[in-house]
Amino acid sequence: MNKQRCLCIVFSLIIFGGGVPDGWGQAESPLPPIDAQSLTTGLEATESLIVSGKGKVYFTYERKDFPTIEDFGFDGQKTAFNFHVGILKDRRVLFDGENELMIHNDPNSEIPKLYLHPRKTTLLHEDPRNWGLQVYDIPLSQHLQKNGMKILGSEVLGELPCYIVESKCNGEPITFWITPERGFRCVQIQYDSMWYNPAPWPTVKTERIEYKAYQIGNQEVWFPAAGSMKTHRKSDGQFLSGLNMEVKDFQLNVDVSDIFQVQIEPETKVWVKKMEEFVPLKEIDWKP
């Protein structure tokens, strides 16, 4: 048993006396019981250590092309990246915390085409933090506090003992497997969905996340290194689709100001989704 796991179990046993509360589930659990507050505290402690980062993110998807994300960076809520896929190649996206500015360098024009949209109009998983650390850009600890959480028990997933936590996402149940051995990181997410091909089929999506350890000061911090998302038909378990993600050359808590630098003339017209019209960039309340 490694030192980190040993300390976590000892800490939990001191708090809870090693007892198993009523309704915990199976009599034997690979982890000592934990309450919602202690679990949230564990999540918040490691979330607070990550401030910024940059690197590359690669996707493979068996049913259609998925992008290569380059020059990806984040600073708090802000993100920026380039992506290349099909007709959407060579586009840059800057997210200010609420809206995304997409910059398309048109080969037939010297003036770039700009589009300002609400979040999530481009790629759902381009930010590797949304693989286990966040839920739709919200830190996992905040999501669980906002949407309610129920600790169902614990089990070993692979070789990692995990707490099983159920919450809500858009009003529907979503389940997280959170392991103390990775600094209270979420290593699996599961939720129901629908598949239209062409009739609607109830499906189950399962995301699994692998992590890499980074040394920040005297702390070991775990950040996503790879992930997979598998979709199965709920009625018979038939596999329908899969998406894989890989993070490379990533750095944490470094200067990312270069990622957000763009040179755009203030008179350049931007298509603003909210207004459904073109507006000069200088008239938009938006900063990268």
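**View 1. Proline 139 and its strand.** Strands here are DSSP runs of E spanning at least two residues, numbered from the N terminus. By that rule, strand 8 covers residues 138-139 and includes proline 139 in this predicted model. With a relative accessible area of 23%, proline 139 is partly exposed. Setting aside residues up to four places away in sequence, its contacts are Glu47, Leu133 and Gln134. Look also for leucine 43: the C-alpha atoms of proline 139 and leucine 43 lie 8.9 Å apart, although 96 residues separate the two in sequence.

**View 2. Two cysteines without a bond.** You will find zero disulfides in this structure. The closest cysteine sulfur to that of cysteine 162 belongs to cysteine 186, and because the two are 8.3 Å apart, they are too far from each other for a bond; a disulfide would need the sulfur atoms within 2.5 Å. Cysteine 162 is buried, at a relative accessible area of 0%, and cysteine 186 is buried with a value of 0%.

**View 3. The largest nonpolar core.** This core has 48 residues, and the members touching the most others are Leu39, Leu140, Phe176, Ile178, Phe223, Phe250 and Leu252. Strand 10, residues 160-169, is the top contributor to this core, giving six residues. Nonpolar side chains in soluble globular proteins tend to be buried together.

**View 4. Around phenylalanine 176.** Leaving out residues up to four places away in sequence, phenylalanine 176 touches a set of residues including Leu140, His143, Tyr163, Ser167, Cys186 and Gln188.

Key
Residues numbered from 1 in each chain as written. Predicted model: local features only at pLDDT ≥ 70, side-chain atom pairs only at ≥ 80, totals over all residues. Heavy atoms only, no water. Helix = DSSP H or I, 4+ residues; strand = E, 2+ residues; numbered from the N terminus. Buried < 20%, exposed > 50% of the residue type's maximum accessible area, 1.4 Å probe, protein only. Contact = heavy atoms within 4.5 Å. Core = buried A, V, L, I, M, F, W, Y, C linked by side-chain atoms within 4.5 Å.
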